[in-house]
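Good morning, and thank you for making the time. I would like to take the group through one model, with the sequence and the coordinates on the screen.

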Amino acid sequence: MRKVAISGTDNRMGYLFIAPWLIGFFFITLVPMILSFYFSFTQYDLLSSPVFVGFENYKNLIINDERFHTSLWVTFIFVIVVVPLRLAVSLGIALLLFRDPKGHSLYKTLFYLPSLFGGSVAIAVMWRQLFSSYGPIASFIRLFNPGFEKSIVGSPNTASLTIIILLAWQFGSTMLIFLAGLKNIPKVYYEVSKIDGAGPVTTFFKITFPQLSSVFFFNLILTIINSFMIFSQAYIITEGGPVDKTLYLVLYAFKRGFEYFQMGSSSAITWILLLILSAVIGFFFANSKRWVYYESK
Amino acid sequence: MKANRKWLKNIPVQIVLILLALIMIYPLIWMLFGSFKSKADFFQGSFNLIPSTFYWKNYADGWAGFGGIPFGQFIKNSAVLSILVTIGTVLSSAWVANGFARIEFKGRKIWFAILMVTLMLPVQLLMVQRYIIFFHLKWINTILPIVVPAFLAYQPFFVFLLVQFIKTVPRELDEAAYIDGCSKIGVFIKIILPLTRPALITCTIFAFYWSWDDFINPLLYLNKPLNYTVSLALRLFNDPAAGSNWGAMFAMALVSLLPVIIVFLMFQKYIVEGISTQGLKG
């Protein structure tokens, strides 16, 4: 009898406990989302009231706005390079560390350090100097090409590369997640494959990767979201320049909103970005059934 | 003999790892030595890691701050903000998580599903609209737009993590407490909170890290230099108008990383475990 009283439903207490989140969800997530959707169909400069303009903002962005086209393009390139690069580096190093070489916990810490400082401004301002024309990377290139005078962050062709390297450099947490996944693979599988005479490549593709696929999928989704959302680093290191070569979508939405006070256009960019992001993630979820194995219990 | 051969086989792995480790920490070491370089040292052959003379004045110059505001003020601003945000995040997330993990109520599943969806919704997407709301509330240039959401468990990740953890606490303990006449809030405070300590520590560390490193929110809401956090202040060094004092900038950048390093050294175990098991991004 008592048990019913204990674990029966208790709406009043339940809502009392989730109330803070519920209030937060309404006022800082749901309402902004609805507003954002509405604003994307208006012209709004924050001071006067919004004026409804229909699909004008979307039309302008998609048809006329060359900066938006550039922004889309550089964001795509950025994501397409960063995601595989970061996953490959972190998986590769996780596999090396998994062999338990001497000093493996020291290496783990060293590889994790850049991620620890992660998105801090301290690292971003340093990165800008690291790739400036006076920085050590430029000096290093000068060893082979004495005429090299350019600033790597300041050149249109290489600016985005510096931010790609920054994100790839911070592979530590992705690596730790892979390592934890590797440790969860039952040792028996490896013993069996050894008995069957499988080589390291076969073992990787037949055992390690399938067993790791759910962890891989998790890292993939996380990395995709993070790279699409690149903002602070680009804002600090390159400020979107030179010639918009690092004007990633979030940065462009920010500029439209807070530099030109076009909240409508800014909201429209946000919705296009959300649409693209959902499509990409939806795509991976849809075909995940074919290559992601979850342990069936 | 066998051990020897294993060691030989490991040499290539060790070489690769050492090289990688050097590449990985080179920028950090360059930054450390850079904080002791004079301007002249920076502009001629920055390939030299070690400065010609250790120029300690960088630290004094950086600490002097900008426009009469000492760097200590920025650190104080950051500290106040981070501490409030951390306390708010951990307390509210634990409170909310307890509701989802321990109490049966109508709509629980739907709300939890919504929470999971917001988990994937990046904050950057709503920054303009949140700004508009806070603008109309006249909260701009106060810390309210940053602190109030923290007390409303606005980072669903922490709620999710704590729900998962609370579910591992045996229910028998709650029931024993109920029989002793404890209320639901009593059980939360006396049973759930003490038993979720490891997860609470993990949350505290990461809530602190994220808020200490936060750039977007201070950039949006704190526009007066007197209220600047360390993140915003560091950017001022980068301003060409400020004479681009690299040495001072590096010095203060390192100072700004100190709390991060100290917390890491103290709680390394929780951090590594937090990421490995919960997929916290660092």
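I begin with B:Leu234. Leaving aside its neighbours within four places in sequence, B:Leu234 is in contact with A:Val121, A:Ala122, A:Val125, B:Met249, B:Met252, B:Ala253 and B:Ser256; contact here requires C-beta atoms, placed from the backbone, within 7 Å of each other.

A word on conventions. This is a predicted model, in which local features need pLDDT of at least 70, side-chain atom pairs count only at pLDDT 80 or more, and totals for chains, interfaces and linings use all residues. Residues are numbered from 1 along each chain as its sequence is written, while chains are lettered from A and ligands numbered from 1 in the order in which they are written.

On confidence, the model has an ipTM of 0.86 and a pTM of 0.89. For chain B the average pLDDT, the predictor's per-residue confidence from 0 to 100, is 87, and 91% of the residues score at least 70. Within chain B, the lowest mean, 75, belongs to helix H2 (residues 39-43), and the highest, 96, to H7(B). Helices are DSSP runs of H or I with at least four residues, numbered from the N terminus.

Let me return to the core. The largest nonpolar core comprises 150 residues, and those with the most contacts inside it are A:Val125, B:Leu162, B:Leu234 and B:Ala253. Such a core is a set of buried Ala, Val, Leu, Ile, Met, Phe, Trp, Tyr and Cys residues joined through C-beta atoms within 7 Å, where buried means that 20 or more other C-beta atoms lie within 10 Å of the residue's own. Helix H14 (residues 246-278) of chain B gives the most to this core, 14 residues.

Next, the interface. Each side is listed separately: 75 residues from chain A and 75 residues from chain B. On the chain A side, helix H2 (residues 11-39) supplies the largest share, with 18 residues. That side divides into 48 nonpolar, 22 polar and five charged residues; Ala, Val, Leu, Ile, Met, Phe, Trp, Tyr, Cys and Pro count as nonpolar, Asp, Glu, Lys and Arg as charged, and the others, Gly among them, as polar.

Why is helix H6 (residues 127-136) of chain B largely enclosed by the rest of the structure? Seven of its ten residues are buried, among them B:Arg130 and B:Phe134. The buried residues of H6(B) pack against H2, H13 (249-258) and H14 (263-291) of chain A, together with H7 (144-151) and H12 (216-221) of chain B. H13(A) is itself mostly covered, with eight of its ten residues buried, including A:Tyr252 and A:Arg256. Its cover includes H4 (66-98), H12 (232-237) and H14 of chain A together with H6 of chain B.

Finally, helix packing in chain A. Helix H11 (residues 200-228) and H14(A) pack at about 170°, with their axes, lines fitted to C-alpha atoms over the stretch in contact, 11 Å apart. H11(A) is therefore roughly antiparallel to H14(A), the class for angles over 145 degrees. Their contact has twelve nonpolar, two polar and no charged residues. By contrast, the axes of helix H5 (residues 104-117) and helix H9 (residues 172-183) of chain A come within 7 Å and cross at roughly 130°. H5(A) and H9(A) are therefore oblique to each other. This contact divides into six nonpolar, three polar and no charged residues.

Definitions and conventions. Two residues are in contact if their C-beta atoms, placed from the backbone, lie within 7 Å. Helices (H or I, at least four residues) and strands (E, at least two) are DSSP runs, numbered from the N terminus. A residue is buried if 20 or more other C-beta atoms lie within 10 Å of its own, exposed if 12 or fewer, and partly exposed in between; C-beta atoms are placed from the backbone. Axes are lines fitted to C-alpha atoms, for helices over the stretch in contact, and angles run from 0 to 180 degrees between N-to-C directions. Angles under 35 degrees count as roughly parallel, over 145 as roughly antiparallel, 65 to 115 as roughly perpendicular and the rest as oblique.
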